[in-house]
Amino acid sequence: MKDDLIEIASFCADKNLVPARSGNFSARIDSEKIQITQSGKDKGKLTASDLMEINYKGKALNPEEKPSAETLLHTQIYTLFRDVNFVAHFHSSSSAVLSKILNKKKIKRIKLANYELLKALSGVETHDHTEEIPIFANDQDIFRLSMEIAPELERAIVTDKSIHAYLIAGHGLYTWGKDKAETITHVDAINTLIESYIMEIQLSKSLSKSGPKKVESK
Ligand SMILES: [Zn+2]
């Protein structure tokens, strides 16, 4: 379990998704305990001693250890999604910038549609799928932020709609998975899909202004 968590964090570090010791990662141990990265550790150089155990209320089992500030967002995901065993949170530039701009425009979610890569997400079997990623305003009060997020996650459960990630504006992205492989796949796919989405907006804008004109047949 510790090795799996370190491998997920290291994958994110290699892709430059967790700059300046940011981001946090966790794993469900059992029905009472969760393992999470300690605050402020370099996610590319984690060792077993950089991980700590918390309960489902986000409290450290060893009071001398300090969990990530965003611990409550991890416990919330484990409490709501019984089949999730790993949570990854990263601060990539693309997720921070896109969510910041859309939040400013009061857009509450992005819709990723018609990308073949969507099939990398668990339960998605065709490119003809619309994956919605909700966006929440950033907040240093993590309890208040978790209260904003809760209805969106609960809605996905009640409506049986797939949800694989959410964005926090100007901050980063949370995603999760049932095991190490699925979690790494979700990190990789969602990060790439977000970059593609940004590229799609930029290209369609510039093409509509000055793009190639339709070729007339003679
Ligand atoms: Zn964060």
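**Group meeting talk: a core and its packed helices**

Hi everyone, let's begin in the middle. The largest nonpolar core here has 45 residues, and Ile8, Cys12 and Ala88 are those with the most contacts inside it. A nonpolar core is a set of buried Ala, Val, Leu, Ile, Met, Phe, Trp, Tyr and Cys residues joined through C-beta atoms within 7 Å. Buried means that 20 or more other C-beta atoms lie within 10 Å of the residue's own; with 12 or fewer a residue is exposed, in between it is partly exposed, and the C-beta atoms are placed from the backbone.

Two notes before we go on. This is a predicted model, in which local features need pLDDT of at least 70 and side-chain atom pairs count only at pLDDT 80 or more, while totals for chains, interfaces and linings use all residues. Residues are numbered from 1 along each chain as its sequence is written.

Back to Ala88. Which residues does Ala88 touch, not counting residues up to four places away in sequence? They are Ile8, Cys12, Phe25, Thr175, Trp176, Thr183 and Val187. Touching, or being in contact, means that the C-beta atoms of two residues, placed from the backbone, lie within 7 Å.

Now the helices. Helices (H or I, at least four residues) and strands (E, at least two) are DSSP runs, numbered from the N terminus. Two packed helices are described by the angle between their axes and the distance between the axes. The axes are lines fitted to C-alpha atoms, for helices over the stretch in contact, and the angles run from 0 to 180 degrees between N-to-C directions.

Angles under 35 degrees count as roughly parallel, over 145 as roughly antiparallel, 65 to 115 as roughly perpendicular, and the rest as oblique. The crossing of α1 and α5 is right-handed. As for that word, a crossing is right-handed if the near helix is turned clockwise from the far one by less than a right angle, and left-handed if anticlockwise. On the α1 side we find Asp4, Glu7, Ile8, Phe11 and Cys12, which meet Lys180, Thr183, Ile184 and Val187 of α5. By class, the residues of this contact are five nonpolar, one polar and three charged. Here Ala, Val, Leu, Ile, Met, Phe, Trp, Tyr, Cys and Pro count as nonpolar, Asp, Glu, Lys and Arg as charged, and the others, Gly among them, as polar.

Next, α5 again, with α3 as its partner. Their axes come within 9 Å and cross at roughly 50°. That makes α3 oblique to α5. This crossing is left-handed. Ser94, Ser95 and Leu98 in α3 meet Ile194, Glu195 and Ile198 in α5. The contact of α3 with α5 has three nonpolar, two polar and one charged residues.

On to α2, whose buried residues are Thr71, Leu73, His74, Thr75, Gln76 and Ile77. What covers these buried residues of α2? The cover includes strands β1, β2, β3, β4 and β8, along with helix α4. How do α2 and α4 pack, at what angle and with their axes how far apart? The angle is about 25° and the axes are 10 Å apart. α2 and α4 are therefore roughly parallel to each other, and their crossing is right-handed. Among the residues making this contact are Leu72, Leu73, Gln76 and Leu80 of α2, with Phe143, Ala150 and Leu153 among those of α4. The residues of the contact of α2 with α4 divide into nine nonpolar, two polar and one charged.

Take a closer look at Leu80, in α2. Is Leu80 buried or partly exposed? Leu80 counts as partly exposed, because it has 14 C-beta neighbours inside 10 Å. Leu80 touches Leu153, Glu154 and Ile157, not counting residues up to four places away in sequence. The C-alpha atoms of Leu80 and Ala150 are separated by 8.8 Å, and these residues are 70 apart along the chain.

Finally, two loop residues. Asn16 sits in the loop between α1 and β1, and has a positive phi of about 60° although it is not a glycine. Asn16 counts as exposed because it has 12 C-beta neighbours inside 10 Å. Lys106, in the loop between α3 and β5, has a positive phi of about 65°, and it is not a glycine either. With 7 C-beta neighbours inside 10 Å, Lys106 counts as exposed.
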